[in-house]
Amino acid sequence: MYKQIIRPILFWFDPEKVHYYTFSFIRMLSKIPGIPSIFKSIYVVEDKRLETEVFGLKFKNPVGLAAGFDKDAVLYKELSHFGFGFIEIGTITPKGQEGNPKKRIFRLKTDNAIINRMGFNNKGVLQAVEKLKKNNGVLIGGNIGKNKLTPNEEATADYLICFNALFDYVNYFVVNVSSPNTPNLRELQEKEPLTQLLQTLQNENLAKPKPKPILLKIAPDLTDSQLLDIIAIVKETKIAGVIATNTTLSREGLLSENKVEAGGMSGKPLGNRSTEVIRFLSEKSNKAFPIIGVGGIHSPEDAIEKLEAGASLIQLYTGFIYEGPRLIKKINKKILEKFQ
């Protein structure tokens, strides 16, 4: 029903407006007694065999929602009713910011893809904390970044602010230095500044009574040499793992007319490159750390491919938009069939 009726209607309208309308609609529906239970009965796969323990955390299933969808932690509870094993909120910055000028999201329907240049639009870390105080059992990842106006040489302070503010309210952290939509942000992926940033965060983390996993989210556009640097940095700083990958600047093979829009591209065309990065990191590191695979997962087969390449967990974003919430259930059932 989603792909035949609901998606064609939604795709008539501006993507960003549809996103917020859909949030409001899901929130309203979920307040009706019995509706959350109906959602769960339709979409959730309850099976102990799906439970996955990664970097010390137990996930109900290995299928999560990637950052960028619920930026401000306003709908994580309701979204968990669609069967996700975990929800990643953010990217969160210390201060709220508007992000880049609109229009800033573009559907590439022919390619089953999306280009966005949102620019870390969010209401700031303190607003997110207030929302997360109401959490009751949803496993949450906190994706953190720097404000647009913060120069790179002062970026570490921004990440520390978000880390400390969110620490009591998330289960793991993701350091986002790979979005292409904040000026000069990707320069922080270079070996020296990245090592310094991650080591500072890890030192802060290890000073806590109960440290939490810190992961690094990387771009798919890194060279093999840069990926080898990532492996070395993870080993040196002893962070928990890597999320591979963020959106890409590549437009190779795209057919849609609006492929010329600036921003990061996500969706089906990213799938192969994302899997290549996962496999490279897994093999070259000798599986030294967990990887969360994200990028181009539009079918159960896509998900299995990521897991077989070396991912311990996977995340959806664009595939969730194009394929609908049944995709989560289909993936979990396929995992049971394939690996159990």
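The structure is a predicted model, in which local features need pLDDT of at least 70 and side-chain atom pairs count only at pLDDT 80 or more, while totals for chains, interfaces and linings use all residues. Residues are numbered from 1 along each chain as its sequence is written, and side-chain values use heavy atoms, with hydrogens and water left out.

The protein contains 12 helices and 15 strands; these are DSSP runs numbered from the N terminus, with helices (H or I) of at least four residues and strands (E) of at least two. Along the principal axes, the C-alpha atoms fill a box of roughly 50 × 45 × 40 Å. The radius of gyration is 19 Å, which agrees with the value near 20 Å that a compact globule of 340 residues would have. This radius is taken over C-alpha atoms, and the globule rule is 2.2 Å times the number of residues to the power 0.38.

How much of the protein is buried? Of the 340 residues, 58% count as buried. Buried means under 20% relative accessible area, exposed means over 50%, and partly exposed lies in between (1.4 Å probe, protein chains only). Contact means heavy atoms within 4.5 Å. Among contacts between residues at least 6 apart in sequence, 73% join residues at least 24 apart.

In soluble globular proteins, nonpolar side chains tend to be buried together. A nonpolar core is here a set of buried Ala, Val, Leu, Ile, Met, Phe, Trp, Tyr and Cys residues joined through side-chain atoms within 4.5 Å. The largest such core has 83 residues, and Tyr159 and Ile218 have the most contacts inside it. Helix H6 (residues 155-166) supplies the largest share of this core, 6 residues. Beyond its neighbours within four places in sequence, Tyr159 is in contact with residues including Ile144, Val175, Val177, Leu185, Leu188, Leu197 and Leu201. A second, separate core of 15 residues includes Phe55, Tyr172, Leu215 and Ile243.

Helix H10 (residues 300-309) is largely enclosed by the rest of the structure, because 7 of its 10 residues are buried. These buried residues of H10 are Pro300, Asp302, Ala303, Ile304, Lys306, Leu307 and Ala309. Their cover includes helix H9 (271-284), strand E14 (291-294), strand E15 (313-316) and helix H12 (326-339). Just after H10, Gly310 takes a positive phi of about 130°.

The backbone also holds two further kinds of detail. Cis peptide bonds are one topic. One joins Gly90 and Thr91, with omega about 15°, and Thr91 lies in strand E4 (residues 86-92). The peptide bond from Ala244 to Thr245 is also cis, with omega near 15°; Thr245 is placed in the loop between strand E12 (241-244) and strand E13 (264-267).

Positive phi values in residues other than glycine are the other topic. Phe120 has a phi near 55° and is found in the loop between strand E7 (113-116) and strand E8 (122-124). Asn184 has a phi near 70° and is placed in the loop between strand E10 (172-176) and helix H7 (191-206). Is each of these residues buried or exposed? Phe120 counts as buried, because its relative accessibility is 4%, whereas Asn184 is partly exposed, with a relative accessible area of 48%.
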